[in-house]
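Subject: Structure handover

Hello,

Here is the structure I said I would pass on.

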Amino acid sequence: MKSTIIAGSTLISLAWLVIMAIVATAHEPTNNPVLDTTGNPLRRGVDYYIKPAITDNGGRFTLVEGSEWCKLYVGQENDSSSEGLPVTFEPFAEGEEVIREMRDLKITFSANTICIVSTRWELEVQRDVEVGRRLIGTGSSGTGTNYFRIEKQNGNYIINWCPNEFCSRCRIDCGFVGAVVKNGTRFLALDGSVLPLVFERAPLQSLTNI
């Protein structure tokens, strides 16, 4: 009789584990692939232009100069007629080839600079004194400041900084990427308006020198 009770208890425990696993799976995010303007998934190492989903919101993303020598920031062309610079994406998840929503990734401009500095996106920790927002600069510190995410909102994509995969236990002051004009130049920054975006695959080309 005792062994029968133990066996029955074990079966009940196993049944509850199965049910809890099903419930947990049902609530996991789908992490859909991020799609380009032709409906194809973005892929690791492929060049893409990032541009506003809505007209009159500036042009394609590019590198812009700050006030310091050889200090580069992520910015926008002032109008849609300018070419901009393509970027590549590198997922945090090792071996992942498809870029997925709400997953940590690195973004790097496909360009060489005369200053020989990294063109990888890196969040500036301190707020800019002129505009009061955290600008997105360039660098490769290997910390959470290099990781961004792509999220779908109202049919378009937005980029945010919230590297939870890189550091799931960290207290992070997350923020969405938008544009701010400083001295006539469009910089990308957090802590303000959000910029809806699309991703356009770039033609095959060699690295741009700037």
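The charged end of arginine 60 sits over the ring of tyrosine 49, at 3.8 Å from the ring's centre. A charge sits over a ring if NZ of Lys or CZ of Arg is within 6 Å of the ring centre and within 35 degrees of the ring normal. Lysine 182 is placed over the face of phenylalanine 187, 5.7 Å from the ring centre.

This is a predicted model, in which local features need pLDDT of at least 70 and side-chain atom pairs count only at pLDDT 80 or more, while totals for chains, interfaces and linings use all residues. Residues are numbered from 1 along each chain as its sequence is written, and side-chain values use heavy atoms, with hydrogens and water left out.

Next, the aromatic pairs. The whole structure holds 10 of them (rings of Phe, Tyr and Trp, the last by its six-membered ring, with centres within 6.5 Å; stacked if the planes are under 30 degrees apart, edge-to-face if over 60, tilted for the rest). Tyrosine 48 and phenylalanine 89 form a tilted pair, because their ring centres are 6.1 Å apart and their planes meet at 40°. The two are 41 residues apart in the chain, with tyrosine 48 in strand 1 (residues 48–52) and phenylalanine 89 in strand 4 (residues 87–91). Strands are DSSP runs of E, at least two residues long, numbered from the N terminus. Tyrosine 48 has 1% relative accessibility and so counts as buried (under 20% relative accessible area, with a 1.4 Å probe and protein chains only). Phenylalanine 89 is also buried, at 1%.

Tryptophan 121 and phenylalanine 148 make an edge-to-face pair, with 5.6 Å between centres and 80° between planes. Tryptophan 121 is in strand 7 (residues 121–123), and phenylalanine 148, 27 residues apart from it, is in the loop between strand 8 (136–138) and strand 9 (149–153). Tryptophan 121 is buried at 0% relative accessibility, and phenylalanine 148 is buried at 0% as well.

One aromatic cluster consists of Tyr48, Phe89, Tyr157 and Phe199.

Regards

How values were computed
Helix = DSSP H or I, 4+ residues; strand = E, 2+ residues; numbered from the N terminus. Buried < 20%, exposed > 50% of the residue type's maximum accessible area, 1.4 Å probe, protein only.
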